[in-house]
Amino acid sequence: MRKSKHNRHGNSVSRKIVFSVAFILFALYALLILFFFVYAILISLKLNQDTFLDDQFNYNLFSIPTPPNFGNYVQAFTEWTNVDGEHTFMDMLWNSIWRTTSSSFLTWFTTAIVCYVLVHYRSKFTHFLYTLGLLVSMLPLYGGQGAQYRLYYNLGLINSPLITLVSITLYGSYFFYMYAFWKGISHSYAEAASIDGANHYQILFQIMLPQVLPSIIALFVMQFITAWNDYESTAAYMTEYPNLAYGTYAYSEVSQYQGNIPAYFAGVILSLIPVLILFVVFQNTIMEKVYFGGLKE
């Protein structure tokens, strides 16, 4: 009995130490991210380029502008059209929304369905697919950009909305997370529903999927944020449908040429607002713990 109490006390102390170290690390990481946000906002409120250069020369970039120049946000919003002369800020915002939403949903949905089949429909074939997924994830793939572009070109996907269909993959993003989510759900739920007369689709969409939905939404939001900030794929395949990430990249060249760094940082802040709103709305879903239960012997 004493030994058991001693073990519990030791585990409690160890757990407190681990959580304390983890808290410190995450707090430092949060402060680092907050540092860059504050830095960008302060620069975006500088009066003009000359004020920015003077503060930079005097190591005074973190001074609060007096008065703050919110006109930089208006200027960034209106000058975004000068990136390519055709697309406005609202055009790029719309492209970001439909492209990011569609690609993130297709990646999430296909990965969830594939992992569900691999976990709850066990066979030699599904075991082979899972093993193949392990190998594909471990193999480094370099130098495939040229071949990938050629494939998209031959399929007519360059500068086409249909390019979002390439998000339908067997082993999508967060494959192992999805696999772990489904492994955490007992197959007894499906068996009980099957006995009551439910078919495979009812078991999946009405019984099984709602149990992992909060965790899957968290991964969807992270995938959405990653896709929102992707400008490389736009530069390579979708220049006729530029998103805000690409607009930010292109506007950096315009702002440097025109000598207006504060307006550029204002544009960066504007492009971040939608994903910040998304994170605020779903922050509880991302952080919450999901508990499973309900089966009785």
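**Entry 1: one residue to start.** Is phenylalanine 175 buried or exposed? I found phenylalanine 175 buried, with a relative accessible area of 3%. Phenylalanine 175 lies in helix α7. Leaving out residues up to four places away in sequence, I listed what phenylalanine 175 touches: Thr111, Val114, Cys115, Leu118, Tyr130 and Leu170. Contact here means heavy atoms within 4.5 Å. I also looked up one C-alpha pair: phenylalanine 175 and tyrosine 130 are 45 residues apart along the chain, and their C-alpha atoms are separated by 10.0 Å.

**Entry 2: what kind of model is this?** This is a predicted model, where local features need pLDDT of at least 70 and side-chain atom pairs count only at pLDDT 80 or more, while totals for chains, interfaces and linings use all residues. Residues are numbered from 1 along each chain as its sequence is written, and side-chain values use heavy atoms, with hydrogens and water left out. pLDDT is the predictor's confidence in each residue, from 0 to 100. The chain's mean pLDDT is 82, and 86% of its residues reach 70 or more. Confidence is lowest in helix α11 (residues 244-258), at a mean of 77, and highest in α4, at 90. I put a pencil mark by residues 289-297, where pLDDT stays under 50 and the model has 13 contacts beyond four places in sequence.

**Entry 3: the whole chain.** I looked up twelve helices and zero strands. Helices (H or I, at least four residues) and strands (E, at least two) are DSSP runs, numbered from the N terminus. Of the 297 residues, 36% count as buried. Among contacts with a separation of 6 or more, 74% come from residues 24 or more positions apart.

**Entry 4: α4 against α7.** Helix α4 (residues 89-120) packs on α7 at an angle of about 50°, and their axes are 9 Å apart. That makes α4 oblique to α7. The rule I used: under 35 degrees is roughly parallel, over 145 roughly antiparallel, 65 to 115 roughly perpendicular, and the rest oblique. Axes are lines fitted to C-alpha atoms, for helices over the stretch in contact, and angles run from 0 to 180 degrees between N-to-C directions. From α4, the residues that meet α7 include Trp108, Thr111 and Leu118, and on the α7 side Phe175, Met178 and Trp182 are among them. By class, this contact of α4 with α7 has eleven nonpolar, two polar and one charged residues. Here Ala, Val, Leu, Ile, Met, Phe, Trp, Tyr, Cys and Pro count as nonpolar, Asp, Glu, Lys and Arg as charged, and the others, Gly among them, as polar.

**Entry 5: α8 against α9.** Helix α8 (residues 188-195) and helix α9 (residues 200-228) pack at about 150°, with axes 10 Å apart. That makes α8 roughly antiparallel to α9. Tyr189, Ala190, Ala193 and Ser194 of α8 make the contact with Ile203, Ile207, Met208 and Gln211 of α9. I sorted these residues into six nonpolar, two polar and no charged.

**Entry 6: two last residues.** Aspartate 50 sits in helix α2 (residues 49-57) and is exposed, with a relative accessible area of 53%. Asparagine 159 is in the loop between α6 (145-154) and α7 (175-183). Most residues other than glycine have a negative phi. Asparagine 159 has a positive phi of about 55°, although it is not a glycine.

Note on methods
Buried means under 20% relative accessible area, exposed over 50%, partly exposed in between (1.4 Å probe, protein chains only).
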